[in-house]
Amino acid sequence: MSEFLHQYAFLIVPIIKVAILVLVVLTVDAYLTWLERKVIAHIQARWGPHRVGPHGLMQPLADGLKFIFKEDPMPANVDKPAYFIAPFVALMLAMTSLAVIPFGPQKFTLWGYESSLGIADVNISLLVLFAITALGVYGVALAGWASNNKYSLLGGLRSSAQMISYELALTLSVVGVLLIAGSFSLREIVEQQGTSNLGFLSWNLLGFGQGIGFTQIIGFFCFFIAAIAETNRVPFDLPEAESELVAGFHTEYASMKFAMFFIGEYTSMVAVSCLATILFFGGWLSPFPASWTFTYYVPSLLFIPFGLWMIYDGIHYENIFGRIVLPGIGTVLTVVGIALILFPPANHLLQGLFWFVLKVFIFMFVYIWMRGTLPRFRYDQLMSFGWKFLLPVSIANVVLTSAVILWRMH
Amino acid sequence: MNASLAIFFVLAAVAVAAAVSLILQRHPIHSALSLIVVMVALAGLYLLMGAEFVAAVQIIVYGGAVMVLFVFVIMLLNAGEEEHTNFSKLAAYAGIPMAVAVAGLIAAAITRSTLPPAQDPTALTSTKSLSMLLFQDFVYPFELTSFLILVAILGAIVLAQREGN
Amino acid sequence: MHPILDYLWIIPLLPLVGSAINGILGWNWSKTSINAVALGSTGLSFLCAIEAVREFLDYFAQYHQPFTKHFVDWIVAYKDLTIGFDLHIDHLTVVMLLVVTGVGFLIHIYSTGYMAHEEGYFRFFAYMNLFMFFMLLLVLAANYVVLFVGWEGVGLCSYLLIGFYYLKHSAAQAGKKAFIVNRIGDFGFMLGMFLLFRTFHSLDFHTVFEAASQPNVAHEGLGQFGVLTAACLLLFMGATGKSAQIPLYVWLPDAMEGPTPVSALIHAATMVTAGVYVVARSHVLFLHSETAMYVVAIVGCATAFFAATIGLVQSDIKKVLAYSTVSQLGYMFLGCGVGAFSAGIFHLMTHAFFKALLFLSAGSVIHAMGGEQDMWQMGGLASKIKVTFWCMLFGTIAIAGFFPFAAFFSKDAILFAAFNSQHDGKALYGVGLFAAILTSFYMFRLVWLTFFGKNRYDEHHVHVHESPKNMTVPLMILAFLSLTGGWFAFPALFGGKDYFTDFLSPVFGSGEIAGGEALHSLELTLSGVAMVAATLGLVVAWRMYSKDVKRGPETGLHKLLYNKYYVDEIYQAAFVGPLVWISRNILWKAVDEGTIDGAVNGIGYGVREIGDGVRHAQSGNTRSYAVWVLVGAVVVFGIIFWPILHPALFGGVR
Amino acid sequence: MIPTNYYLILSAILFGLGMIAFVFKRNIITIFMAIELMLNAVNLAFVAFSKAFGKSDGEVFVLFVIVVAAAEAAVGLGIIILTARNRRSLNVERVDLLKL
């Protein structure tokens, strides 16, 4: 048995990792929808979902069930192959894009097969990521074209145009980081940001303390805006602008296919957030200098109170969820917090993941926050902004960075 | 029959099949999709050969830009099924045989020729060395291509804008 | 130190420059400035000529050889064909040089008066200067090619000047006629040159004459003729063209359409004597071929007589002079033909003087009569235009050959030489003498018709007036010259030596037929006979024309003569007509339109038809283009991969 | 360890298919795609050669080819749009006036 494992570890381990990742990502996506609705509701002074389970925590489950059990109609005169493929393309590419993202510093060996946190650790991971995002447009475009519907077609057209336009800015905005890191490998990029003992100051965003580093704050803004546009989120969600195009490219989609688009969108949001974290915010690096050992307890200091609050909050509810689930989770969190304090190795193991997740979470929150706040662009504004502002600025950033690097090198 | 050979054959089969479907599909967008598949398969082959940068560029530029342009234009013109006219008798009768003949000639020439076997295809071409080559030995062609692109942009703009504005 | 000799090209160049300036810039200049340029250039070249002559005599005294200078290589074509732009001076050239520049200068002066009221004043002088340039080139040339350039050039100028009144149809025709007739002669001249080159592999006078003096060349090759005979006859053919001898004289009378100074300069004094000059220049060759000499003599003699007879009855004053020119040229050739080259040149010089004088006087008469040329419309002018009358009289006496005027000596020398020549000398002499009688007759007829008797013109329309000074002064000078021009030979009469012959002896030297001092009693006799003949002509003319005469009806011989023996008509019928017919029907219709145009148009049609056929290949259908590309690709790959393919293609596949 | 010839044969096949598509299809856009297909085949050959001879020049050439293809696509599609506007048809056989 075990020698079998050892022999085929190069297959088994990645499969396991993929399974875990998919599971986690799907859950995260589901609860992102919940989070989004909650946050926006509160921004708009509403309650948001709170019927299904405490704080409506069961809402994503309910939605999922609904998606699964809804009828899946095939509209007349659609281009069947394209119509069928499109959602898969969208979801698959979004998922794939996560495959090259390293979630943590650690490498661990399982059955004699060494692997890292993250599915694949290729040394041109960034290029691969861009390749995948480049293909991402097809999902939307095909869906819009295939469903043989004016609104969808317009949505598809818009999205393809928009994606082509902003992809340039997206790619160019990270060139600065590449120049500093001198590598396409995300892992190396992160590690290079941690070289000096300055904490968050040495992240690419600010770029202090690195040999040839230079602040990439311009690059970051270009990247973030372009990324939002790539993921068709507010304020760039013209492909699915409800007010103009009903639901844009996925007007004709229902049930699971629609869900795929949905999940795909959130997944790409996650991916982009991860990317932003890695490129500009030091990935899994803690914002504090490594010398400040006490900051190792920040996770537990977050977990323990949160867990206790959950236990306390849970007992208000007379139903099973309130009585059991919430307190249970609360207890687990508390215990983990305490455990981290007691067992430093475990703490050490968890640090990177913790900071990474935290940063990504913040990005997601910003996404939602923006959706809650910003109005939608007009189409021509979108285009002219992309071509006449974003692209030149990112190019200027590239020139500036390379100039500084050249100057620093000599 | 080691793994890389298997992968090669799979990818090659995919590429050829997609190319054939490009021919057989009646609707341009299906042809476009087939072509995208071909390109992805080729990118896979490049990876197999260890030319990872080329593979990435292949997908980014071809898959992500050129083909998107194609799809975009197809949508814009709302191109329908192509009609099978045969105004050119020459093309109707001599076309495909000629193409086959050319391909046959090339293939025959290849089978006849003796090339050095690929030296350790898994050896990655480091992006650094590639860029060294590109920016030192081939810098003038590189600049020329940039100029070419500029011209192409202007041309495209001039062509595509409607009369009047 | 010979400043001018070293830059001999300055002499011809000056008139060329003058011509260029006048021709290019002169179109809106005042007459004075045009005169300044034209006269300045010719006058300067006259002075240079005199200086050159002085220097040459000095040079000759030192080296006893003619002066030849090579300036630039002009044609270096074939391994032994190298022709330089070489100029050459010897005593013959000296004579020609002085005559050309001197007489030319005088006539230029005269023209300023004569042409004063003409259109295209600058054009006239540009042509005249150009003519001077070519004439000087002709006489200074040191090889046949440069000479030929001058030869053609004077032909061109003569054409231009004959056709000076190009709006006048007859003038234009006359110009064409002159040019074409000259072409025939030039054709012969060129053939002669080619033959000489083929024989001697050079065209330089010096080389050719050196080689020709070798005894062996005289009778080589070319059938029963010697090469030299053929060459000489061909050259002489050119001479007959240029110097208006039978059978090519027909252009000269028509050439009188040009302005009178032109007739004087070109068609009397200088150009027409070029033929004589060439014959004299090539005397070395001619002396080797008795046939050629004989032909020259015969032709000259015949022309002298023939033209004189025609001259008898012409009514146009200039026509009379024209025919007299032809006849005098005949005398010159007669002289050359019988071997008295110096006599021929001598007559050439004197003739240049008195014929120029006669023409200019005639021009003055015409000027006075306001353009009238018909002698029957004149008469009684002697009292009205005295200067012209006297000059004309001088000229007439001179040409008639009365003692002691120029022609007396020159013509005498020729006749004497003829008399002494072995080949039918007496016959030649007789004809020449008779021609002399006719000469004096028609000249005095001219005088009487023009100046005596009651005037036959309309007083009210014609205001007879003497010509201005710038015309009369050259007349007087020429009159003086035609009186004294012959006196070089004065002593010869009294047993002394003939200075002119003596002067030319370095050139002709032993070539001269030594009639010689031994027989000078005979010479005296002959001179006396000549005097008698001249007087006879005078008397007859006086008897016939002194009392006022009506223009009689033309009948019989008179009619024949008046119509110039119908030579023009005969030529028209014999040569021109057939030529035109051939040109129109064969060359034009068949060759040009049929063959050449046919070929051109045929190519055009062919191309269009082919294009029409191929056009369908370019259907504009992209797919067919693609297939064509593929066809090309198949071919190219087939060729490229052939080495490694052919086993595969021929079942070699294993 | 894959023989270079395999790649070359594959590239030849793809090229041939591209040519067939070029002469067989009528839709301008599809024909354009056929050209792209041929370019890809050539790229494959380039990379294969560069690997066979162990020099990266071939890959650089591939990059150039890709760039040129992109430029060509931009202009070509512009032309196609214009033609389609004026001719109301994408069938090459209907666009045979040798002018827009």
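Q: How many residues does helix 18 of chain C have, and what distance does helix 18 reach from its first C-alpha to its last?

A: This is a predicted model, in which local features need pLDDT of at least 70 and side-chain atom pairs count only at pLDDT 80 or more, while totals for chains, interfaces and linings use all residues. Residues are numbered from 1 along each chain as its sequence is written, and chains are lettered from A and ligands numbered from 1 in the order in which they are written.

Helix 18 of chain C, residues 406–420, has 15 residues and reaches 22 Å from its first C-alpha to its last, close to the expected 21 Å; helices are DSSP runs (H or I, at least four residues) numbered from the N terminus, and the expected span is 1.5 Å times one less than the number of residues. Helix 18 of chain C is mostly covered, with 15 of its 15 residues buried, where buried describes a residue that has 20 or more other C-beta atoms, placed from the backbone, within 10 Å of its own.

Elsewhere in chain C, Ala356(C) and Leu357(C) touch the most other members of the largest nonpolar core, which has 219 residues; such a core is a set of buried Ala, Val, Leu, Ile, Met, Phe, Trp, Tyr and Cys residues joined through C-beta atoms within 7 Å. Helix 5 of chain C, residues 121–140, supplies the largest share of this core, 18 residues. Beyond its neighbours within four places in sequence, Leu357(C) is in contact (C-beta atoms, placed from the backbone, within 7 Å) with residues including Cys391(C), Phe394(C) and Leu475(C). A second, separate core of 197 residues includes Phe262(A) and Ile66(D).

Definitions and conventions:
Helix = DSSP H or I, 4+ residues; strand = E, 2+ residues; numbered from the N terminus. Buried ≥ 20, exposed ≤ 12 C-beta atoms within 10 Å, placed from the backbone. Contact = placed C-beta atoms within 7 Å.
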